[in-house]
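Here are some exercises to work through with the model open beside you. Try each task before you read its solution.

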Amino acid sequence: METNNKQMLFLTLTKLRAWVFLALLLILFEVWSHTIYGRSFLANPYNLKSLAFFAAIPLLLALGQTFVIISAGIDLSVGFIMGLAAVISAKAVAYFGAMGLPDFPAVMLGIMVACLVAIIPGIINGILISSLGVPPFIGTLGMYGVARGAAFLFAGGMTVSVSNSILKWLGNGLIMGVPVLVIIVAIACIISHFLLSQTRFGQHTYAMGDNKAAADRAGINTKFLTIKIYALAGLFAGIAGALYTARFSAGSAQAGEPLLLISIAIVVIGGASLFGGSGTISGTIAGALVIAVIQYGLVYVNIEPFWQFIAVGIVIILSVLAEQAQSKLWGAK
């Protein structure tokens, strides 16, 4: 009986491993901050705002990646789709502004154009994988190159700057002390959670990731579902690119390059299996916060930023080991 209780406790901890990692990291930096600086890490509003900014845009990419990974896929193109969207949004907002449109409609139209452009490679990814039988790794790796080249071509190899008061407010403004950027990402998280947990689309995504053949036999149109999932990943990358432009008042083809592997790491740390069939939006949120705390926390305590890579790598390895232990325990039951 005692052994069973220990196993259940271990299973619970492994399921909530992202939140456990987050709690341990916050405790570590809180103690470190009190010891070195004599002040609180968590009770500092500036630190909390910085953590939110660090987590926001990578989390957007990871939301789309969550759906893809749960479906037993992978999307290596989202980083440069984000870069393409960043460039397109900057150029589109500047173009509509030059046409004489006020700042607000210019921004809305620019973001819509960027998102529509970002959905196109997502749809192509889905068609390549579902209809032409291209493995997700190879298909999205090819789109990685296409999106990368297109982004640099549209940008002319340069950063595209844009000046728009509404765009700047979206990336840096506050509503009751909360960054607008964070509010937008929070809304995206709520919508994603609803899609994944409360709709047929989400149920079918889990079913296809768990067993595609069984999903086909159950009457699920897995080809069309795959296209929708990768299009959704493209949409999130488009929103991330537009918000990157809003944050820095400039679009860069390389905006999402360092975030590709981070988006996958966030989903894995959050508890999703790379074999598909499992994962949650709440876990992805926790995974994004874990990486944000590592990145900002190490800068805060004045440790060389290169240690971020080591720390994130260790957390990923521990997360995968926890998942394997969880699978073995479930198999033993």
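Helices here are DSSP runs of H or I with at least four residues, numbered from the N terminus. Axes are lines fitted to C-alpha atoms, for helices over the stretch in contact, and angles run from 0 to 180 degrees between N-to-C directions. This is a predicted model, where local features need pLDDT of at least 70 and side-chain atom pairs count only at pLDDT 80 or more, while totals for chains, interfaces and linings use all residues. Residues are numbered from 1 along each chain as its sequence is written, and side-chain values use heavy atoms, leaving out hydrogens and water.

**Exercise 1. Describe how α5 and α7 pack, and name the residues that meet.**

Step 1: Two packed helices are described by the angle between their axes and the distance between the axes. For α5 (residues 103–130) and α7 (residues 165–172), the angle is about 65° and the axes are 7 Å apart.

Step 2: Look for contacts, meaning heavy atoms within 4.5 Å. From α5 come Asp103, Phe104, Val107, Met108 and Ile111, and they meet Ser165, Ile166, Leu167 and Leu170 of α7.

Step 3: Sort these residues by type, and you get seven nonpolar, one polar and one charged. Ala, Val, Leu, Ile, Met, Phe, Trp, Tyr, Cys and Pro count as nonpolar, Asp, Glu, Lys and Arg as charged, and the others, Gly among them, as polar.

**Exercise 2. Decide whether valine 301 is buried or exposed, and find its contacts.**

Step 1: Locate valine 301 in the loop between α13 (281–300) and α14 (307–332).

Step 2: Apply the cut-offs: buried is under 20% relative accessible area, exposed over 50%, and partly exposed in between (1.4 Å probe, protein chains only). Valine 301 has a relative accessible area of 6%, so it is buried.

Step 3: Leave aside neighbours within four places in sequence, and valine 301 is in contact with Phe29, Trp32 and Tyr37.

**Exercise 3. Work out how well α12 is covered, and what follows this helix.**

Step 1: Go through α12 (260–269) and count: nine of its ten residues are buried.

Step 2: Name them. Leu260, Ile262, Ser263, Ile264, Ala265, Ile266, Val267, Val268 and Ile269 are the buried residues of α12.

Definitions and conventions: Helices (H or I, at least four residues) and strands (E, at least two) are DSSP runs, numbered from the N terminus.
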